[in-house]
Amino acid sequence: MENLSDTRSPERKPALNLKVGLTALSLLGTPYGHDRAEAMEIPPTATWQEGMRETEKSVLADAVEHKITFVQYADGTSIWAPTIKGVLQQVTSSPEKVITGILNSGEKNTIQTLCDMHTHPSHSAVNEFSMPTGLVAGTFYVPPSFGDTQVGFLRSKRTVEAAKALGVEVQSVVQAAGDPKGIWYYRDLTEEEKKEINFKEIATQAEVDRFDQAQKDFVIGSASSPVFNFSIEYQKLQIEYQRIGTKVRFVSYADVQKEGQCTGVDSK
Ligand SMILES: [Zn+2]
């Protein structure tokens, strides 16, 4: 019969693999042997630099993604919102939940910049990209996924709206992902930038697949190729991001310590 529902159909495999991955991690501990018993936590009063050091520690040691949010107020003060713990390959946190967390821990001041970030730990990348175990944590990059780039604009918009509904103005939102090497800032291309490159909206699955492959090649190349040349591959990857309507900028953890707070894509 044609219409038999087949529980072994390929569409069901990813969920199954994820489950197996999670079970393996919890049974074996973690491949790098220095998982932390406690979840990542950035104290509200930590500086930007202290928060970035904690982020770097988390992506190297923790098995799960985290949502982290840095808030710069218009009066020059800043706070870190409560950290939200996710699962292996994702962290779920609505902009509304993030804003409520900020208002519970801070004052109702005008927010100049809200840095809406999440982590891409070594462990989840090893699983997601089926990488060989035994890789040294921190030796590879995990830039924003297609999904990250496609929800970024919407997250920013909803953050501003959620804050407004609670009487707080948010002047700008910056999207970023922290990987084992540093911070990837990302945003949608402006209308002007789209015109410059004659950008066409993503229309086919093939275009999405092309991007996914480029991202995967970058991750795996940086992890395992002895001839991986960051500046050349980074340039090529930036073009792939443009093709999906996104601009990215990578800042290493060393440079993050020297740059200003949450500088975003457009800082030079
Ligand atoms: Zn991500």
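## Basis and confidence

Residues are numbered from 1 along each chain as its sequence is written. Because the model is predicted, local features need pLDDT of at least 70 and side-chain atom pairs count only at pLDDT 80 or more, while totals for chains, interfaces and linings use all residues.

The mean pLDDT (the predictor's confidence in each residue, from 0 to 100) of the protein chain is 83, and 83% of its residues reach 70 or more. Over residues 1-35, however, the pLDDT is below 50, and beyond near neighbours in sequence this stretch has 19 contacts in the model; two residues are in contact if their C-beta atoms, placed from the backbone, lie within 7 Å. Where pLDDT is low, the predicted coordinates should not be read in detail.

## The chain as a whole

The protein chain contains 9 helices and 7 strands; helices (H or I, at least four residues) and strands (E, at least two) are DSSP runs, numbered from the N terminus. Of its 268 residues, 34% count as buried, where a residue is buried if 20 or more other C-beta atoms lie within 10 Å of its own, exposed if 12 or fewer, and partly exposed in between, with C-beta atoms placed from the backbone. Among contacts between residues at least 6 apart in sequence, 75% join residues at least 24 apart.

## Helix α5 and its surroundings

Helix α5 (residues 146-165) has 20 residues and reaches 30 Å from its first C-alpha to its last, which is close to the 28 Å expected at 1.5 Å a residue; the expected span is 1.5 Å times one less than the number of residues. The helix carries a kink of about 35 degrees centred on G152, the bend at a residue being the angle between axes fitted to the seven residues ending there and the seven starting there. G152 is also one of the buried residues of α5, together with D148, T149, S156, T159, V160, A162 and A163.

The cover over the buried residues of α5 includes α3 (95-105) as well as the strands β4 (111-119), β5 (170-178), β6 (182-188) and β7 (246-252). Just after α5, G167 takes a positive phi of about 85 degrees.

## Helix α3

In α3, the residues P95, V98, I99 and I102 are buried. They lie on the same side of α3, because they cover an arc of only 95 degrees around the axis, the arc being that of the directions from the helix axis to the C-beta atoms. What covers the buried residues of α3 includes β1 (66-73) and α5.

## Strand pairing

Strand β1 is largely enclosed by the rest of the structure, because 7 of its 8 residues are buried. Two strands pair if DSSP finds at least two bridges between them. With β4, β1 runs antiparallel over 7 bridges, and F70 stands opposite C115 in β4. With strand β2 (residues 78-80), β1 runs antiparallel over 3 bridges, Q72 standing opposite S78; these two strands form a hairpin with 4 residues between them, and G76 in the turn has a positive phi of about 95 degrees. β1 also pairs with strand β3 (residues 84-85) in the antiparallel sense over 2 bridges, where the partner of K67 is I84.

Strand β5 is likewise largely enclosed, because 7 of its 9 residues are buried. It runs parallel to β4, joined by 8 bridges, and antiparallel to β6, joined by 4 bridges. Q175 in β5 is the bridge partner of D116, and Q175 also has Y186 in β6 as a bridge partner. β5 and β6 form a hairpin with 3 residues between them.

## Individual residues

Two residues other than glycine have a positive phi worth noting: N198, near 55 degrees, and C262, about 45 degrees. N198 lies in the loop between α6 (191-196) and α7 (205-224) and is exposed, with 6 other C-beta atoms within 10 Å. C262 is found in the segment after α9 but is buried, with 25 other C-beta atoms within 10 Å.

S267 also lies in the segment after α9 (253-258), and it counts as exposed because it has 11 C-beta neighbours inside 10 Å. S267 and R249 are 18 residues apart in sequence and 8.8 Å apart in space, C-alpha to C-alpha.
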